[in-house]
Amino acid sequence: MAGFWTYLRFIARRERIVSAIWAAALVLFTFATAAYFPSLFPDEAARASVAEMLKSPAMIGMMGPVYGGAAPSAAMLFSQEMSVWMFIASAVMNIFLVNRHTRSDEELGRLEMFRSLPVGQLTGAFSVMKFVFALNLIIAVFTTLLVSASGIGGDFAGAAAYSFAVFGVGVFFAAVTLLLAQLLSTSRGVSGAALAVLGLSYMLRAAGDISGSALSV
């Protein structure tokens, strides 16, 4: 695809600060929380008490159903309480990222400048999604390594499952934003619609978890 690597390097230069801050914040916050969890719930009685609290409909709606039985491990509680917030943070990061390089760039005239050069029609969208994939993959890999080394317990496979679940959510909402950027005429409209899809997804998941229906799948 003509001009792909040039366009990708351009995106990487523009994102070297903003995306680096987002990535560092997500990875380091997850690591710090994982390292703190064993001292927060030091014994089985404390974990059982928290698990019982998480079984209320309000908490299930907020964080999903409880895993790990009556006395889950610290790693299970970490995944239970952190995953939904990391899903949201990853989704927001990717929504803003894709919007910056699609509809927002078109409003500012950058896309017209690039399209006047020998680049393919789909180069911009393809380059943005490649950057999104690479950024989210880096976040997932470092999150897996640091959570595994945090002392929270669990195993490498569990840390990878948590990290790549966040990866999947981020890439999904990047794709949603890219689609909305083709349908809507303003960057505010794109970001607002993408965030509305995120909010609706959260509410449908909450309703499905509370009722035990297929909406939570």
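A helix crossing is called left-handed if the near helix is turned anticlockwise from the far one by less than a right angle, and right-handed if clockwise. With that in hand, welcome to this structure. It is a predicted model in which local features need pLDDT of at least 70, side-chain atom pairs count only at pLDDT 80 or more, and totals for chains, interfaces and linings use all residues. Residues are numbered from 1 along each chain as its sequence is written, and side-chain values use heavy atoms, without hydrogens and water.

**A helix pair**

The crossing of α1 and α8 is right-handed. Helices here are DSSP runs (H or I, at least four residues), numbered from the N terminus. Helix α1 spans residues 4–14, and its axis lies 9 Å from that of α8, at an angle of about 55°. On the α1 side, the contact (heavy atoms within 4.5 Å) includes F4, Y7 and L8, and on the α8 side T123, G124 and F126.

**A cavity**

The structure holds one cavity of 30 Å³ or more, where a cavity is a set of points on a 1 Å grid where a 1.4 Å probe fits but cannot get out. The largest cavity has a volume of about 70 Å³.

How values were computed:
1 Å grid on protein atoms, 1.4 Å probe; cavity = no way out; pocket = protein on both sides within 12 Å on 5 of 7 lines; lining within 4 Å. Points joined across faces, edges and corners; volume = space filled by probe spheres on them. Axes fitted to C-alpha atoms, helices over the stretch in contact; angles between N-to-C directions. Helix = DSSP H or I, 4+ residues; strand = E, 2+ residues; numbered from the N terminus.
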